[in-house]
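Please look through the structure below with its helices and its charged side chains in mind. The paragraphs that follow take these in turn.

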Amino acid sequence: MYFALKVLITALVVAGVSELARRYSLFAAAIASLPLTSILAFIWLYYDTGDAQKVADLSYEILWLVIPSLLFFIMFPLFIKFGMKFTPALLLSCVAMSAGYALFIYVKKVMGA
C-alpha cells in the first residue's frame, strides 16, 4: 500500500505538470524545473530509513549528476530547432545525456571521488 501511495503521488506531480504545460508552458516549466523528483525521493528515503545522512549523500550525488543531465536540455531544443522530428530528437538527446552520465561517472571513479 505504501509503495502504491508513493507511485500515485509521484505520478500526480508528473501528470499535473504535463496538463499545466498545455495551457501555461512557462509556469509548467518553472514547476518542472523544481527538483520535485529529488524532494520526493528525499522524503521517501528518509521516511523509509530515518537516516538523514543517506538523504544528504543522495543530495550530494544528485548535485554532481545534474551536470551531465544538462546535455539533454541543451541538445533537445537544438535538434528540434534544426528540423529534427520529435521522436528522433528525444531519443538522440537521451543518448547524449546517457553518454554524458557514463563519461561523468567514469571520470569520477578515475579521480577517486
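The axes of helix H4 (residues 52–81) and helix H5 (residues 86–110) come within 8 Å and cross at roughly 150°, where axes are lines fitted to C-alpha atoms, for helices over the stretch in contact, and angles run from 0 to 180 degrees between N-to-C directions. H4 and H5 are therefore roughly antiparallel to each other, a term for angles over 145 degrees. Helices here are DSSP runs of H or I with at least four residues, numbered from the N terminus.

This is a predicted model, in which local features need pLDDT of at least 70 and side-chain atom pairs count only at pLDDT 80 or more, while totals for chains, interfaces and linings use all residues. Residues are numbered from 1 along each chain as its sequence is written, and side-chain values use heavy atoms, with hydrogens and water left out.

A search of the whole structure finds 3 salt bridges, each being a side-chain nitrogen of Lys or Arg within 4 Å of a carboxyl oxygen of Asp or Glu. In one of them, glutamate 61 pairs with lysine 108, with the closest N and O atoms 2.9 Å apart; because glutamate 61 lies in H4 and lysine 108 in H5, the pair ties together parts that are 47 residues apart in sequence. Lysine 108 is buried at 19% relative accessible area, whereas glutamate 61 is partly exposed at 34% (buried means under 20%, exposed over 50%, partly exposed in between, with a 1.4 Å probe and protein chains only).

Lysine 6 and aspartate 48 also meet in a salt bridge, at 3.3 Å from N to O. This pair links distant parts of the chain, with lysine 6 in helix H1 (residues 2–23) and aspartate 48 in helix H3 (residues 36–49).

Note on methods. Helices (H or I, at least four residues) and strands (E, at least two) are DSSP runs, numbered from the N terminus. Angles under 35 degrees count as roughly parallel, over 145 as roughly antiparallel, 65 to 115 as roughly perpendicular and the rest as oblique.
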